[in-house]
Amino acid sequence: MYEVATSLLNAQKGKEPEIILNLEKSRTDYFHIDVMDGKFVERNTYKWMESICSYINRLSNLPMDVHLMVEDIRSSIDDFSVFNPNIITFHYEVCKDDEEVFEIINIIKQNNSKVGIAINPETPIEKIFKFLPYIHVVLLMTVKTGAGGQPFISDMYTKINNLKKHKDSNNLDFQIEVDGGINLATCKQVKEAGAEILVAGVAILKAVNYKDIIDELKK
Ligand code: DX5
Ligand code: ZN
């Protein structure tokens, strides 16, 4: 069984509570929260994602998977830790050196969340190998970071598989999460390549029945 994290980035404004309840009923494994600051990526979803997290805290016990696409990682950890997310993921590309990556890993752990490192499609996977024994999740971006509804970049199948091979041959136990362009057409190959947590936004939110899609993605 694979896990599904539903991205709320393309949720219809004003309908958040309804959507959250419907996703819970449809057994999403996580709510995937796309925090954007208008600097690391163009769009700014910061305040809106804070309000979505507070709805989730009130309406659901399901875990939150917070994906920080921001330059000021430390402040964002402070701002989003109040919602008790299960996972906080930050981008490797934002950090100035390895020391800073280790520092942020520790800050997230001190805030009682699991740690994820995200990397953009063009960042080589080898860059994060040294951090893998200390983290819980690697989030591989499989579209250009910053927007939902884009097509999956097909070169990413090999990248997922290279990470999976490295994980197995080194007996590591982080989870491999993929984000962007995941739908019924791409999910089979993504799973075969080694992904364990599938983020999906548009594929689920645009469906008539969330549960049908979530069930298929989990299989
Ligand atoms: C993009 C976000 C994704 C996005 C995925 O930067 O990180 O989580 O919402 O959306 P879909 O599934 O629509 O490609
Ligand atoms: Zn995301």
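This is a predicted model: local features need pLDDT of at least 70, side-chain atom pairs count only at pLDDT 80 or more; totals for chains, interfaces and linings use all residues.
User: What makes up the secondary structure of the chain?

Analyst: The chain has eight helices and eight strands.

User: Why is the chain called as compact as a globular protein of that length?

Analyst: The globule rule gives 17 Å for 219 residues. The radius of gyration of the chain is 16 Å, which is close to that value, so the chain is as compact as a globular protein of that length. Along the principal axes, the C-alpha trace spans about 40 × 35 × 30 Å.

User: How many of the residues in the chain are buried?

Analyst: Of the 219 residues, 53% are buried. The accessible surface of the chain comes to about 10100 Å², and carbon and sulfur atoms account for 46% of that surface.

User: What share of the contacts joins residues at least 24 apart?

Analyst: Counting contacts between residues at least 6 apart in sequence, 66% join residues at least 24 apart.

User: How many aromatic pairs does the structure hold, and why is the pair of Tyr 92 and Phe 131 called tilted?

Analyst: There are six aromatic pairs. The ring centres of Tyr 92 and Phe 131 are 6.3 Å apart, and rings pair if their centres lie within 6.5 Å. Their planes stand at 45°. Planes under 30 degrees apart would be stacked and planes over 60 edge-to-face, so this pair is tilted.

User: What makes this a pair that ties together parts of the chain?

Analyst: Tyr 92 sits in the loop between strand 4 (87-91) and helix 4 (98-110), while Phe 131 sits in the loop between strand 5 (114-119) and strand 6 (137-141). The pair therefore ties together parts that are 39 residues apart in sequence.

User: Are Tyr 92 and Phe 131 buried or exposed?

Analyst: Buried means under 20% relative accessible area. Tyr 92 has 16% relative accessibility, so Tyr 92 counts as buried. Phe 131 has 0%, so Phe 131 is buried.

User: How do you know that Phe 102 and Tyr 134 form an edge-to-face pair?

Analyst: Their ring centres are 5.6 Å apart and their planes are at 80°. An angle over 60 counts as edge-to-face. Phe 102 is in helix 4 and Tyr 134 in the loop between strand 5 and strand 6, so the pair links distant parts of the chain, 32 residues apart.

User: Which residues do ring pairs link into a cluster?

Analyst: The cluster consists of Tyr 92, Phe 102, Phe 131 and Tyr 134.

User: Why is Ser 81 called buried?

Analyst: The relative accessible area of Ser 81 is 11%, and the limit is 20%, so Ser 81 is buried. Ser 81 lies in helix 3 (residues 73-81). Apart from neighbours within four places in sequence, Ser 81 is in contact with Ile 88 and Asn 111.

User: Are Asn 84 and Asn 171 buried or exposed?

Analyst: Exposed means over 50% relative accessible area. Asn 84 has 64%, so Asn 84 is exposed. Asn 171 has 72%, so Asn 171 is exposed. Asn 84 lies in the loop between helix 3 and strand 4, and its phi, near 55°, is positive in a residue other than glycine. Asn 171 is in the loop between helix 5 (156-169) and strand 7 (175-179), and Asn 171 has a positive phi of about 55° although it is not a glycine.

Notes: Residues are numbered from 1 along each chain as its sequence is written. Chains are lettered from A and ligands numbered from 1 in the order in which they are written. Side-chain values use heavy atoms; hydrogens and water are left out. Helices (H or I, at least four residues) and strands (E, at least two) are DSSP runs, numbered from the N terminus. The radius of gyration is taken over C-alpha atoms; the globule rule is 2.2 Å times the number of residues to the power 0.38. Buried means under 20% relative accessible area, exposed over 50%, partly exposed in between (1.4 Å probe, protein chains only). Contact means heavy atoms within 4.5 Å. Accessible areas come from the Shrake-Rupley method with a 1.4 Å probe; for residues, only the protein chains shown count as cover.
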